[in-house]
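I opened the notebook to record a few look-ups for someone new to this entry. The sequence and the model go first.

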Amino acid sequence: MSVAIELRKVSKSYKTGKLHVDALKNIDIKIESGEFVAIMGPSGSGKSTLMHIIGLLDRPTKGELFIAGKKIELDMADSKLAKLRSERIGFVFQTFNLLSKITAMKNVLMPTQYRKIGKVDREERARELLREVGLAGREDHRPTELSGGQIQRVAIARSLINNPDIILADEPTGNLDSKSGTEIMNLLTELNKKGKTVILITHDQRIADFADRTIRILDGEVQKPMKGAK
Amino acid sequence: MESVKTALLSIWSNKVRSVLTVLGIVIGVASVTILVSLGQGLKDEVSTLIRGFGSNLMFVTAGKIDTKSGSGMGGSNPANFIAGDILTLNDVDAIKGVSGVTEVAPMALVAGTVTSDGKPVNATVTGTYPNFEKALEILKVKDGKMFESITAGDVVVIGPQIKKDVFGDVDAVGKTISINKTPFTIVGVFGEVEASSIFGNEFSSLAVVPFETGTALNKGKVTINRIVVKAANDAKVSSVKEAVKKAILKSHAGEENFSVLTQDDILGLFDQFLSLATTLVSAIAAISLVVGGIGIMNIMLVTVTERTKEIGLRKAVGATKLAIATQFLVEAVFVTLIGGLIGLLISFGVGAVVAAKTPLTPSITPNVILVALGVSTVIGIIFGLWPALRAAQKDPIEALRYE
């Protein structure tokens, strides 16, 4: 199996006022293509920073980062990072982040604005994805006409529209009741079975249990594996 | 194309705000377009009138008008323009002697009150020579005929408006009308001056009497305020103008207290006046556009802040800084462009009303439309740029956390 994501001795530090914060310290992580990995840690542990670096929204201060075998230079241009994000990574957020004024269909299509794909193809694809997440017939509903669970399904369809290898889900069930949360987790599990690399960021052990492997972060460092170790 | 759709959606979902925001642009564009179209309409009128006069017609008028420097009165005493004692019959005779001149007719403003059956009539009484009609090509006697000498006595040729006001559809020739309570026999009626609807009015209410009769009405004083000079059709107008000027200078002992104006000079003077007026209103409109632009900038900054989370999301799914900047810039340009279009529509509306209610026909040329839309676009770019750049510079992580 090929490597989807690899971090070598990645550190991230920043200054807030006079305070120097080491958010991540010498992180070594390797995630194989097709894995379902949970990154767990309490708030302030650095797991969000780690997610931002894996999602190419933030740059490490030190160390090496590889996405699908490609080295990400620390000084890579913003526009190149944006292109990599659009091609490789699908984001699912705790707060869903759908655009409230447009339909489910248009929300799913939104990321294609920044890709060059034929119009007919992408509309067909968006319809297909909405059906896959169980929202056939809701294409023209606006987010205000959908339940939380349904909204998150639209968001998952949106994360898949550009056919990325990696799905990065940041507390995807955090704003959902447990029933909807379970449904969303089952959907992510299903996606993983179809070959997507799914990375889950959570502080909830029950959610992390859906993953094949859990990486625990505490005080900016990776904890020794406790269970489900590779 | 997507950014255009997104922009339109955003403008549409904030209708009231968008309308208020573009008001400055609307007012700016509308005021400039209306003024320019009125000016163009007026210019068309003047050009038509002047073509009607024929290019070989000249006016000699009291007072010195500088047609070259653009300063108009050129430092001469403004009182000269209304003074009746600067141009004399000597000047008329001197002009007659200039080669290339075919007709010379002085116009003497007569202080006369016109009445019909004791009721006042709106009329301008002018004493002139019988060849007045020949000199002023556009004014033709329709009914009756022009008087035949400057001593023809108490006879008058009236303009079409006077005829209509006093006699209606009844034939006026042979009837009488009173000037300073003396009855005058109407010998002729001028036809409508079709060449010009606005300036024709001046001729419509003209009452022309023989020159000597006019002098008598003015209690023996000769008060020539204008001399109509017609050059031969084949003569070179500019050289005849210089010769006429020299002849009057000679009879005025070298004092240049008069002007000889060809039709080109008059058009030039009119252009000077028009461009001054256009400059003034454009300056006011520019202020309105700048204020409007600042309004756009303000509202775009609000929009960018409101949509911080959307910006973060778009960046996360692959939007580059350029894509984000373009989205907000397109939106700003659309707002101003819509403002410009509304402004244009208003000026078309005002133009239609003006055309229906007045003799003037405002003309909105394709150039005016292009400039109006061009200026709106540029305002959108200038004032939309900073908010767009601010949107583009937002850090996606911070933006996604924004509540």
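Two strands pair if DSSP finds at least two bridges between them. Helices (H or I, at least four residues) and strands (E, at least two) are DSSP runs, numbered from the N terminus.

I noted that this is a predicted model, where local features need pLDDT of at least 70, side-chain atom pairs count only at pLDDT 80 or more, and totals for chains, interfaces and linings use all residues. Residues are numbered from 1 along each chain as its sequence is written, and chains are lettered from A and ligands numbered from 1 in the order in which they are written.

Entry, sheet. I looked up strand E1 (residues 3–16) of chain A and found 10 bridges to E2(A), with the two running antiparallel. Across that pairing, Lys15(A) is opposite His20(A) in E2(A). I then traced the open sheet of 4 strands in chain A, whose order is E2-E1-E4-E5, with antiparallel pairing. Strand E2 (19–32) and strand E5 (70–72) of chain A are its edges, each pairing on one side only.

Entry, contact between chains. I counted two residues as in contact if their C-beta atoms, placed from the backbone, lie within 7 Å. Chain A gives 18 residues to the contact and chain B gives 16 residues. Helix H2 (residues 78–88) of chain A supplies 6 residues, the largest share of the side of chain A that touches chain B.

Entry, Ser3(B). I found Ser3(B) in helix H1 (residues 2–13) of chain B. Leaving out residues up to four places away in sequence, Ser3(B) touches Thr326(B), Gln327(B) and Val330(B).
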